[in-house]
Amino acid sequence: ILTASQSQDRQHMRVIGGIHSLSPSAICLTPSQSILSESSREAAGALKGRHHQDLSREVASLRQALDAQRAALSALQETVQKRTIDAAVEALRASVDELQRQQDLQAGALSDSLMELHNQ
């Protein structure tokens, strides 16, 4: 089902197509044909305007989608960075714990050696 506007657009396109198919030597316009030709030009201009508006809306929609994707990518990057930092901090904690354990073992061995020397 075509709306009145779509039907009118199709009619204008048929008229425009007919005009473009004429050779320059075949064009002899009478006043009524001149009015029709002017009407066709106006219709073509209106179609161009509508097409431009449609493209403008589509570009605006694409820009909004791109902005949303950029925001999502930024949030994802922050999450990845946070996880990387969290993993690095956890690795440092484990390393410090291991160093503390080794230091405790060395301190115990040193203490035992000092006690043996003292007892001799």
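Predicted model: local features only at pLDDT ≥ 70, side-chain atom pairs only at ≥ 80, totals over all residues.
Residues are numbered from 1 along each chain as its sequence is written, and side-chain values use heavy atoms, with hydrogens and water left out.

On confidence, the protein averages a pLDDT (the predictor's confidence in each residue, from 0 to 100) of 77, and 68% of the residues score at least 70. Over residues 18-23 the pLDDT is below 50, and beyond near neighbours in sequence this stretch has three contacts in the model, a contact being heavy atoms within 4.5 Å.

As for the fold, the protein has two helices and zero strands. Both kinds of element are DSSP runs numbered from the N terminus: helices are H or I with at least four residues, strands are E with at least two. Helix α2 covers residues 31-119.

Now the charged pairs. Side chains of opposite charge can pair when their charged atoms come close. The count comes to five salt bridges, each being a side-chain nitrogen of Lys or Arg within 4 Å of a carboxyl oxygen of Asp or Glu. Among them are these:

| Salt bridge | Closest N to O |
|---|---|
| Arg70 and Asp67 | 4.0 Å |
| Arg93 and Glu90 | 3.8 Å |

Arg70 and Asp67 both sit in helix α2, three residues apart, or about one turn of the helix. Arg70 is exposed at 53% relative accessibility, while Asp67 is partly exposed at 48%.

Arg93 and Glu90 are three residues apart in helix α2, so about one helical turn separates them. Glu90 counts as partly exposed, with 48% relative accessibility.

Arg101 and Glu98 also lie in helix α2, three residues apart, about one turn of the helix. Arg101 is partly exposed at 44% relative accessibility, and Glu98 is partly exposed at 32%.

Finally, there's a greasy bit: Leu73, Leu76 and Val80 make a nonpolar surface patch of about 290 Å². Patches take residues with over 30% relative accessible area and no salt bridge, joining like charges within 9 Å and nonpolar side chains (Val, Leu, Ile, Met, Phe, Trp, Tyr) within 5 Å. Leu73 lies in helix α2 and is exposed, with a relative accessible area of 56%.

Conventions:
Buried < 20%, exposed > 50% of the residue type's maximum accessible area, 1.4 Å probe, protein only. Areas by Shrake-Rupley, 256 points an atom, 1.4 Å probe, with all protein chains shown as cover.
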